[in-house]
Amino acid sequence: MVARGALIKPWIFTEIKERREWDISSRERLDLIRKLAEFGLNHFGSDTAGVNKTRRYLCEALSFQYRYIPIGLLERLPGRLNDRPPSYRGRDELGVPDSFL
């Protein structure tokens, strides 16, 4: 079950090691995605094939990470995978998609 959580929250191993809930900010999540893209381009190369393969893996990772619900929005802890969040209100400009503005 940890593997499923790691797809949604890659920082779950830090939470387990430190025995605490880590409420990661949208800026930190964006930095993790940026690092993943850089690692992919360094590994696969920056040619057309490398960019396409990096894009494929990045889209796969993002298909899980969009499911993350910040701790501040949860009604009770710990959150369960099937819980539905209340209506969304972002904590900063990165946490609110343009379609909500």
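Predicted model: local features only at pLDDT ≥ 70, side-chain atom pairs only at ≥ 80, totals over all residues.
Biologist: Why is the pair Glu-15 and Lys-9 called a salt bridge?

Modeller: The term requires a side-chain nitrogen of Lys or Arg within 4 Å of a carboxyl oxygen of Asp or Glu. For Glu-15 and Lys-9 the N to O distance is 2.9 Å, so the pair meets the definition. The whole structure has four salt bridges.

Biologist: Which residues does the salt-bridge network link?

Modeller: Lys-9, Glu-15 and Glu-21 are linked in it. The side chains of Lys-9 and Glu-21 meet in a salt bridge at 4.0 Å, N to O. This pair links distant parts of the chain, with Lys-9 in the loop between α1 (2-8) and α2 (12-18) and Glu-21 in the loop between α2 and α3 (26-44), twelve residues apart. The helices named here are DSSP runs (H or I, at least four residues; strands are E, at least two), numbered from the N terminus.

Biologist: What makes Glu-18 and Arg-20 a salt bridge, and how exposed are these residues?

Modeller: Their side chains meet at 2.7 Å, N to O. Glu-18 has a relative accessible area of 39% and is partly exposed, and Arg-20 is partly exposed at 41%.

Biologist: What is listed for Arg-19?

Modeller: Arg-19 has a positive phi of about 55° although it is not a glycine. Its place is in the loop between α2 and α3. At 79% relative accessibility, Arg-19 counts as exposed.

Biologist: How do you know that the span of α4 agrees with its number of residues?

Modeller: The expected span is 1.5 Å times one less than the number of residues. Helix α4 (residues 48-65) has 18 residues and should span 26 Å; its end C-alpha atoms are 25 Å apart, which agrees.

Biologist: Why are the buried residues of α4 said to line one face?

Modeller: Those buried residues are Gly-50, Thr-54 and Gln-65. Seen down the axis of α4, they fall within an arc of 40°, so they line one face of the helix. The arc is that of the directions from the helix axis to the C-beta atoms. What covers these buried residues includes α1 and α3. The face turned away from the buried side carries the exposed residues Thr-48, Ala-49 and Arg-56.

Biologist: What makes Arg-56 a charge over a ring?

Modeller: The rule asks for NZ of Lys or CZ of Arg within 6 Å of the ring centre and within 35 degrees of the ring normal. The charged end of Arg-56 sits over the ring of Tyr-57, 4.8 Å from its centre.

Biologist: How many aromatic pairs does the structure hold?

Modeller: The structure holds three aromatic pairs. Among them, the rings of Trp-11 and Trp-22 have centres 6.4 Å apart and planes at 85°, so this pair is edge-to-face. Rings of Phe, Tyr and Trp (its six-membered ring) pair if their centres lie within 6.5 Å; planes under 30 degrees apart count as stacked, over 60 as edge-to-face and the rest as tilted.

Biologist: How exposed are Trp-11 and Trp-22?

Modeller: Trp-11 counts as buried at 4%, and Trp-22 counts as partly exposed at 24%.

Biologist: Why is the pair Trp-11 and Tyr-68 called edge-to-face?

Modeller: The ring centres of Trp-11 and Tyr-68 are 5.0 Å apart and the planes stand at 85°, so the pair is edge-to-face. It links distant parts of the chain: Trp-11 is in the loop between α1 and α2, and Tyr-68 is in the segment after α4, 57 residues apart. Tyr-68 is buried at 10%. Trp-11, Trp-22 and Tyr-68 form one aromatic cluster.

Terms used:
Residues numbered from 1 in each chain as written. Heavy atoms only, no water. Buried < 20%, exposed > 50% of the residue type's maximum accessible area, 1.4 Å probe, protein only. Contact = heavy atoms within 4.5 Å.
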